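Let's go through this one together, asking at each step what lies behind the label. Have the sequence and the fold at hand.

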Amino acid sequence: YSRYQIVLSKAITYCIMLGVVISPYFIAAAIAMLTNVNLQANVVLAGIMMIVQTGDSIELSKAFILLAVVAIVYISQLSTTILFAFLFKKASLVIPMFYFISVASGQVSLYQEQLGDAADILKLTPFAPDFISINSGTENGTLIAASITSILYILAMTVFACLYFKKREIK
């Protein structure tokens with residue numbers, strides 16, 4: 001196998017497995033939205049709770065679109081760990097690095113007006129404030145931008161992992 005095939009297969013497997021792992025949250029959120037149940041549960045994925053807790057009754061198609069976009073954004077945010085896994089080779093470094101990026105991007109989004117152009121860089125990633133706070137009132141343009149940005153981010157992280165892995169020696 002070529003190195004590109006190894007990285008690509010790991011990236012595809014990663015995206016599929018993450019989709020399987022987070023699917024129960026999305027199924028529960030879809031049921032809650034369709035039945036208009038008020039959930040106060042402690043859910044791991046905050047974006048899903050933002051959609052569910054708005055309390056607005058939304059159509060089935062809109063609910064699935066919102067949930068699909070949130071899933072794509074989460075998967076793309078976590079795709080950063082694919083590159084980190086090849087860089088650090090230790091889960092003990094990969095996980096903290098991802099949490100650091102998540103926390104730092106959240107803080108930058110809080111102070112984006114004061115930071116000016118530096119905060120605009122987040123808009124090119126799935127960590128953008130508009131993408132993190134998707135809810136039932138989010139406009140279609142933002143949903144499309146979040147989807148496109150997230151897919152491009154996944155591809156970019158996979159390409160960077162391929163480029164880095166190309167320089168590494170297979171043992």
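Q: What order do the elements of the chain follow from the N terminus on?
A: They run α-α-α-α-α-α-α-α-α. This is a predicted model, and the chain has 9 helices and 0 strands.

Q: How many residues does the chain have, and what share of them is buried?
A: The chain has 171 residues, and 37% of them are buried. To be buried, a residue must have under 20% relative accessible area.

Q: Why is Met17 called partly exposed?
A: Its relative accessible area is 45%. Partly exposed covers what lies between the buried limit of under 20% and the exposed limit of over 50%, so Met17 belongs there. Met17 is found in helix H1, residues 3–35.

Q: What makes Ile12 partly exposed?
A: The relative accessible area of Ile12 is 47%. Exposed would require over 50% and buried under 20%, so Ile12 is partly exposed. Ile12, too, lies in helix H1.

Q: Which residues make the nonpolar surface patch of about 470 Å²?
A: Leu8, Ile12, Ile16, Met17 and Val20 make this patch. A patch residue needs over 30% relative accessible area; Met17 has 45% and Ile12 has 47%, so both clear that cut-off.

Q: How far apart are the C-alpha atoms of Ile12 and Ile154?
A: They are separated by 10.0 Å, while the two residues are 142 residues apart along the chain.

Q: What lines the second largest pocket?
A: Its lining consists of Cys15, Gly19, Ile22, Ser23, Phe26, Ala71, Ile72, Ile75, Ile151 and Ile154. About 160 Å³ of space lies in this pocket.

Q: Which helices supply at least two residues each to that lining, and which gives the most?
A: H1, helix H3 (60–78) and helix H9 (140–167) each supply at least two. H1 gives the most, with 5 residues.

Q: How do you know the class make-up of the lining of the second largest pocket?
A: Sorting the residues by class gives 8 nonpolar, 2 polar and no charged.

Q: Which residues of helix H4 are buried?
A: In H4, residues 80–88, the buried residues are Thr80, Thr81, Ile82, Leu83, Phe84 and Phe86.

Q: What follows H4, and what is its phi?
A: Lys89 follows H4, and the phi of Lys89 is positive, near 60°.

How values were computed: Residues are numbered from 1 along each chain as its sequence is written. This is a predicted model: local features need pLDDT of at least 70, side-chain atom pairs count only at pLDDT 80 or more; totals for chains, interfaces and linings use all residues. Side-chain values use heavy atoms; hydrogens and water are left out. Buried means under 20% relative accessible area, exposed over 50%, partly exposed in between (1.4 Å probe, protein chains only). Helices (H or I, at least four residues) and strands (E, at least two) are DSSP runs, numbered from the N terminus. Patches are made of residues with over 30% relative accessible area and no salt bridge: like charges are joined within 9 Å, nonpolar side chains (Val, Leu, Ile, Met, Phe, Trp, Tyr) within 5 Å. Accessible areas come from the Shrake-Rupley method with a 1.4 Å probe; for residues, only the protein chains shown count as cover. A salt bridge is a side-chain nitrogen of Lys or Arg within 4 Å of a carboxyl oxygen of Asp or Glu. On a 1 Å grid over the protein atoms alone, a cavity is a set of points where a 1.4 Å probe fits but cannot get out, and a pocket is an open set with protein on both sides within 12 Å along at least five of seven lines; lining residues have an atom within 4 Å of a point. Grid points are joined across faces, edges and corners, and a volume is the space filled by probe spheres set on the points. Ala, Val, Leu, Ile, Met, Phe, Trp, Tyr, Cys and Pro count as nonpolar, Asp, Glu, Lys and Arg as charged, and the others, Gly among them, as polar.
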